[in-house]
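Hi there,

Here is the structure I promised to pass on to you. Have a look at it first, and then read my notes below.

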Amino acid sequence: MWSDFEREVMERVIDEAKRGRPSPNPRVGAAIVRDGAVISVGHHERAGETHAEVEAIRNADASVEGATLFVTLEPCNHQGRTGPCTEAILEAGIARVLIGCRDPAPHVAGAIDRLKSAGVEVEVGLMEQECTALVADFAKHIRTGLPFVTLKAAVTLDGKIATRTGDSKWITGEEARTEAHRMRDESDAILVGVGTVLADDPRLTVRHVEGRDPLRVVLDADLRIPHDAAVLAQTRTSDAGTLVFHAHDADTARRESLSDPAIELVPVSRHARGVDLKEVLTVLGERDVVRLLVEGGSHVHGTFLDLGLADRAAIFIAPRIVGDADAISFAAGAGVDSIEHAWRLVRTRVQGFGSDWLVSGDFERMR
């Protein structure tokens, strides 16, 4: 149905979409083709700024009348902080529109019908699976109000994230760690448990790549976090804030001792394994956190899995073996009794970074 050229263009458009950081809006890319050549591209950079379709039209050196527009997501059909992209497409004289996937929750339905009724040729479904994956985070947030949760870790071949003493620096090489920081840049927030803070004292900032720091989130039911923890100190030097979720019944003196305008303490319900994760995710979703990267330890990863709150895994695997039953594993939850009921990843992807591999995919639990 689709030509090799059309697929090549949409692949380029998907890559273009990934350049943007428009959360809580979806990532969208666009390109304009005339006479078998791409004459311009565009992407949605930030929420409230120009949408990808309009950006591509503006980036063209000449008139785009009669040209073909490729776009990863169904154009918007409503007046928000920017005007309807459907009207911009019609005003530009675009003759044909190839759409990757439909909008999972359009503000105003009927964008495709609007274009067709004006005489524009519209086709939907070019690299649909890839384009749908591009907006999976947005779709979940719109549908549930919760962030799209990715569990990220670096493990050895025998699945360990640290030795029995807690040593974990460094399981993977520099290339893999650089990619991990790129993931941070793409995320709205990064979450760890207080155990990780006590063991590793992480800064939770973006370093090895150019980017911006995500919101830092710490789960700490009893407020055990040290006053001089690096994650708290970063709040005074980074544009991103720090949220510490604690139980309502946490010690009052501890709350008062951690009082700081740069740090926000957020009380939530207590859960058997710490704080109520569903409540934490609800609060984050209300604050427009769409992409949440969880870099917690085995306890946090296990709890997310047990509660069915994880959407994706991104696991860096290093060619090392600890060989110790007491070393710390990726996830330490209640687990399952049989392989048949284990979590597995679907739509998986394997990438090499130096001598390490990144295995990523969406969670699907077998019943």
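**What I found**

Pro 24 sits in the loop that runs between helix 1 (4-17) and strand 1 (29-34). Helices here are DSSP runs of H or I with at least four residues, strands are runs of E with at least two, and both are numbered from the N terminus. The bond that leads from Ser 23 into Pro 24 is a cis peptide bond, with omega near 15°.

Before you go on, please note that this is a predicted model, in which local features need pLDDT of at least 70 and side-chain atom pairs count only at pLDDT 80 or more, while totals for chains, interfaces and linings use all residues. Residues are numbered from 1 along each chain as its sequence is written, and side-chain values use heavy atoms, with hydrogens and water left out.

Lys 169 and Trp 170 are also joined by a cis peptide bond, with omega about -10°. Trp 170 belongs to the loop between strand 7 (160-162) and helix 7 (174-186). Asp 201 is not a glycine, yet its phi is positive, at about 50°. You will find Asp 201 in the loop between helix 8 (194-200) and strand 9 (215-219). Why point these out? Most residues other than glycine have a negative phi, and most peptide bonds are trans.

Next, a pair of helices. The axes of helix 2 (residues 52-59) and helix 3 (residues 85-92) come within 9 Å and cross at roughly 25°. (Axes are lines fitted to C-alpha atoms, for helices over the stretch in contact, and angles run from 0 to 180 degrees between N-to-C directions.) That makes helix 2 roughly parallel to helix 3, a label for angles under 35 degrees. Where they meet, Glu 53, Val 54 and Ile 57 of helix 2 touch Cys 85, Ala 88, Ile 89 and Ala 92 of helix 3; contact means heavy atoms within 4.5 Å.

Which residues does Ile 57 contact, leaving aside its neighbours within four places in sequence? They are Ile 32, Val 64, Ala 88, Ile 89 and Ala 92. Ile 57 and Leu 69 are twelve residues apart along the chain, and their C-alpha atoms are separated by 8.9 Å.

Enjoy exploring!

Best wishes

How values were computed
Angles under 35 degrees count as roughly parallel, over 145 as roughly antiparallel, 65 to 115 as roughly perpendicular and the rest as oblique.
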